[in-house]
Amino acid sequence: MLSHFLYRSTATPGLNDSDIQQILTEARERNARLGLTGCLHVEDGIFFQWLEGSAAPVAEVVGMLRRDSRHSDIETLSEGPLQSRLFDHWSMLMSDRNDSSIVNWLAEQAVSRWDGARYIAAILQFMQKMSLNIGR
């Protein structure tokens, strides 16, 4: 059974591009080993991440994420069963403001974070758009 976890968190102050690349490298290696796929978007000190795969490995990584000192204020946006993978070709897709702005995307869609279902749907649409625009 497939499962997913979507969250938003705040990067630790002082986190730099080298740190972000280290996070990406670790995520890709771990996810490939555990059979997980997903997407990470980093913008203005905020992380948005979608993680998908079998329930036990997803739960294992969520536990690791909650203990990771490189970010705080983890807010679960969505979690639970999943019919099919959304990022099956990516051990971890990564995008940032240089690729496209999620903040601008949400504003263009006129979506507030207080409108839960629409907010989550818009974040996923943005991430899926990134998966089409960024080379593998």
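**Entry 1: the sheet**

I began with strands E1 and E3, which pair in the antiparallel sense over nine bridges. I note here that the model is a predicted one. In this pairing, I found that tyrosine 7 has glutamine 49 in E3 as its bridge partner.

I then looked up the other neighbour of E3. Strands E2 and E3 run antiparallel and are joined by seven bridges. Glutamine 49 came up again, as the bridge partner of leucine 40. The hairpin of E2 and E3 has two residues between the strands, and aspartate 44 takes a positive phi near 50 degrees there.

Next I wrote down the whole sheet. It is open, has five strands in the order E4-E1-E3-E2-E5, and its pairing is mixed. The edge strands are E4 (71-82) and E5 (93-96), each of which pairs on one side only. From one strand to the next, the twist averages 10 degrees.

Where does the parallel part come from? Strand E2 (residues 37-43) and E5 run parallel, joined by four bridges. In this pairing, valine 42 stands opposite aspartate 96 in E5.

**Entry 2: helices on the sheet**

I checked which helices pack on the sheet. Helix H1 (residues 17-34) does, touching E2, strand E3 (46-54) and E5. The direction of H1 makes about 160 degrees with that of E5. Helix H2 (residues 55-67) also packs on the sheet, and touches strand E1 (2-11), E3 and E4. For H2, the angle is about 155 degrees with the direction of E3.

I also looked at how covered E3 is. Seven of its nine residues are buried, so I call E3 mostly covered.

**Entry 3: the nonpolar cores**

I looked up the largest nonpolar core, which has 23 residues. Leu106, Ile123 and Met127 have the most contacts inside it. The elements giving two or more residues to this core are E1, E3, E4, helix H3 (102-108) and helix H4 (116-133). Which element gives the most? H4 does, with eight residues.

I picked out methionine 127 and listed what it touches, not counting residues up to four places away in sequence. The list is Leu6, Cys39, His41, Phe48, Gln49, Trp50, Phe87 and Leu93. Another core, of 18 residues, lies apart from the one above; Ala11, Leu24, Leu51 and Val58 are among its residues.

**Entry 4: threonine 37**

I turned to threonine 37, found in strand E2. Is this residue buried or exposed? Its relative accessibility is 8%, so threonine 37 counts as buried.

I found two polar contacts for its side chain. One is with the side chain of glutamate 52, at 2.7 Å. The other is with the side chain of arginine 85, at 2.8 Å. Glu52 and Arg85 are also among the residues that threonine 37 touches, as are Trp50, Phe87 and Trp90.

**Entry 5: aromatic pairs**

I counted two aromatic pairs. In one, the ring centres of phenylalanine 5 and tyrosine 7 are 5.7 Å apart and the planes are at 35 degrees, so I put it down as tilted. Both phenylalanine 5 and tyrosine 7 are buried.

The other pair is tryptophan 105 with phenylalanine 126, also tilted, with 6.2 Å centre to centre and 55 degrees between the planes. This pair links distant parts of the chain, 21 residues apart: tryptophan 105 is in helix H3 and phenylalanine 126 in helix H4. I checked their burial too. Tryptophan 105 is buried with a relative accessible area of 14%, and phenylalanine 126 is buried with 0%.

How values were computed: Residues are numbered from 1 along each chain as its sequence is written. This is a predicted model: local features need pLDDT of at least 70, side-chain atom pairs count only at pLDDT 80 or more; totals for chains, interfaces and linings use all residues. Side-chain values use heavy atoms; hydrogens and water are left out. Two strands pair if DSSP finds at least two bridges between them. Axes are lines fitted to C-alpha atoms, for helices over the stretch in contact, and angles run from 0 to 180 degrees between N-to-C directions. Contact means heavy atoms within 4.5 Å. A nonpolar core is a set of buried Ala, Val, Leu, Ile, Met, Phe, Trp, Tyr and Cys residues joined through side-chain atoms within 4.5 Å. Buried means under 20% relative accessible area, exposed over 50%, partly exposed in between (1.4 Å probe, protein chains only). A polar contact is a pair of N or O atoms within 3.5 Å; within protein, one must be able to donate a hydrogen and the other to accept it, and residues adjacent in sequence count only if both atoms are side-chain atoms. Rings of Phe, Tyr and Trp (its six-membered ring) pair if their centres lie within 6.5 Å; planes under 30 degrees apart count as stacked, over 60 as edge-to-face and the rest as tilted.
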